[in-house]
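Here's a protein chain to explore together. Take a look at the sequence and the structure, then read on for a short tour of two spots in it.

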Amino acid sequence: MNKYNVITIILIIIASYYFINKRESFDNQVIVNVYPYESDFGMGDYMRGIIHLYQTKDWNSIHINYSDNEIAKYLYNTTNTDYKTMTIPARTNATTVFHNGTNVIHHNATMEYPIEKKILKQVRKMFTMKPDFKKYFLQKMKELELEKGKFVVIHLRYLDDVFNNDKDKSNIQLEKQIVDLITKHKTILLLSNSKIMKESLALKYKLKYFDTLPIHTGYIHSSIVDRIKDTLVEFFSMSYSKKIYQYCEDKKQVSGFSKRVSEIYDVPLEII
């Protein structure tokens, strides 16, 4: 072996040592998962990313900051993980490492099942209703005579095109399933990202519904009015239900909006 090969091997060893230790250092950094105003992630996507962090990282290193997002008007983090000094304006999954050892991420990575109950409890604390919003939420529930644990939810998730071009998407098979559920449950709340379908089906079958204009929680930045408030009412109404029935127009899709509620608040979910 000539001296050049020896030098090459030594350099490789040094470089490997450096990158291994650099990775270990990265893993030990403070991690701040942000939810910027410009984000395209839905709320369920963001929660999924938080759960993934708690499944893969040291709990003491994880901090949550959604203060730049519109949901912060109505929700707050009651844990000690709210890291207020760092944020990044990002619309896609991105990572920025700052010189002070803070790793700021915009994150929605896939989580693993089963999810530990202590993680779900931690996430619930991170999305607590502010007093004024909780008062508003309870009033909306009272108007529909919805009592906690005494109603079920049918959540109809249509393709995203309904947010900009809502239209009739009647489905005979879906209506048969709704009729069947009516025979099993006294009180049903109908939720949907389609205002047309929500109102037409609710009126036809005498189901309860919130008279709101739906918005994708990842499209907040493109709306000129504050529409997230009533969407959060729908989100938390599911947490008060005894069961969620989810229908997706795209049968290969599962809506994170109601699925996260089911997981985090321990509400049974059935796909219809």
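## A serine tucked away

Let's start with Ser39, which has a relative accessible area of 2%. The cut-off for calling a residue buried is under 20%, so Ser39 counts as buried. Keep in mind that this is a predicted model.

Where does Ser39 sit in the chain? You'll find Ser39 in the loop that links strand E1 (30-34) to helix H2 (43-56). The side chain of Ser39 has a partner, too: a polar contact of 2.8 Å joins it to the side chain of His106.

## A covered strand

Now hop over to strand E7, which covers residues 152-157. How many of its 6 residues are buried? The count is 6 of 6, so E7 is mostly covered, with buried meaning under 20% relative accessible area.

In a regular strand, side chains alternate between the two faces of the sheet. In E7, Val152, Ile154 and Leu156 point one way, while Val153, His155 and Arg157 point the other way. Residues on both sides are buried.

## The strand's neighbors

E7 pairs with strand E8 (residues 188-192) in the parallel sense, over 5 bridges. Within E8, Ser192 is the bridge partner of Leu156. To get from E7 to E8, the chain passes through helix H5 (residues 172-184), making a right-handed β-α-β crossover.

E7 also pairs with strand E9 (residues 243-248), again in the parallel sense, over 6 bridges. Here Leu156 stands opposite Tyr247 of E9.

Notes: Residues are numbered from 1 along each chain as its sequence is written. This is a predicted model: local features need pLDDT of at least 70, side-chain atom pairs count only at pLDDT 80 or more; totals for chains, interfaces and linings use all residues. Side-chain values use heavy atoms; hydrogens and water are left out. Helices (H or I, at least four residues) and strands (E, at least two) are DSSP runs, numbered from the N terminus. Buried means under 20% relative accessible area, exposed over 50%, partly exposed in between (1.4 Å probe, protein chains only). A polar contact is a pair of N or O atoms within 3.5 Å; within protein, one must be able to donate a hydrogen and the other to accept it, and residues adjacent in sequence count only if both atoms are side-chain atoms. Two strands pair if DSSP finds at least two bridges between them. A crossover is right-handed if, with the strands pointing away from the viewer, the path from the first strand over the helix to the second runs clockwise.
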